[in-house]
Amino acid sequence: MEPDMTTTPAIYGRFGYTLALAERTLTAQLRQHLAERNVQPESWYTLRLLAAQGPRLARQALTHELEGSRGLNADSTRELLARLEADGLIRGDAEVDLTPEGEALYRSLREYIAGPTANLLSQFDVADVETTVRTLQAIADRSS
């Protein structure tokens, strides 16, 4: 049953727009920091997925996840994975892993990105950040 818009809290109407603005700000910051290290956001995302969901992540699952992200499709995902493999950062056929070089790059980028993220988020009450993360995670879990 659809909620009655006359009784729905006004903040609900601002949620999506505010989330989009925050995502744009965070993405711009991430892109800037990755560009300083000459890394494309899609490469970072792939390394992060493999670090979080690997080792031996099924190539089909990785491909599906990447194709579902903004800016990637079936062709660009194949090209991305081929480039990361040629660069010696990932390996595997049916199952994909980070190579030692890929693991080292992932750790280095994670540490490099953590500083600016902490600087930004430290401006807010940690309890508010925790609530925001829980809410966004719950939304993501319900949509899958």
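How many positive and negative side chains does the protein chain have, and how far apart do the centres of the two sets lie?

**View 1. Charged side chains of the predicted model.** The protein chain carries 15 positive side chains (Lys and Arg) and 21 negative ones (Asp and Glu), and the centres of the two sets lie 2 Å apart. Each charge is placed at NZ of Lys, CZ of Arg, CG of Asp or CD of Glu. The model is predicted: local features need pLDDT of at least 70 and side-chain atom pairs pLDDT 80 or more, whereas totals for chains, interfaces and linings use all residues. Residues are numbered from 1 along each chain as its sequence is written, and side-chain values use heavy atoms, without hydrogens and water.

**View 2. Order of the secondary structure elements.** The protein chain has 6 helices and 3 strands, taken as DSSP runs (H or I, at least four residues; E, at least two) and numbered from the N terminus. Their order from the N terminus is α-α-β-α-α-β-β-α-α.

**View 3. Burial in the protein chain.** Of its 144 residues, 23% count as buried, that is, under 20% relative accessible area with a 1.4 Å probe, protein chains only. The C-alpha trace spans about 55 × 35 × 25 Å along its principal axes.

**View 4. Lining of the largest pocket.** A pocket is an open set of points on a 1 Å grid over the protein atoms alone where a 1.4 Å probe fits, with protein on both sides within 12 Å along at least five of seven lines; lining residues have an atom within 4 Å of a point. The largest pocket is lined by 48 residues, with Ala22, Glu23, Leu26, Thr27 and Leu136 nearest its centre. Elements giving two or more residues to this lining are α1 (10-36), α2 (41-53), α3 (59-67), α5 (100-121) and α6 (126-143). Helix α1 contributes the most, with 14 residues.

Key:
Buried means under 20% relative accessible area, exposed over 50%, partly exposed in between (1.4 Å probe, protein chains only).
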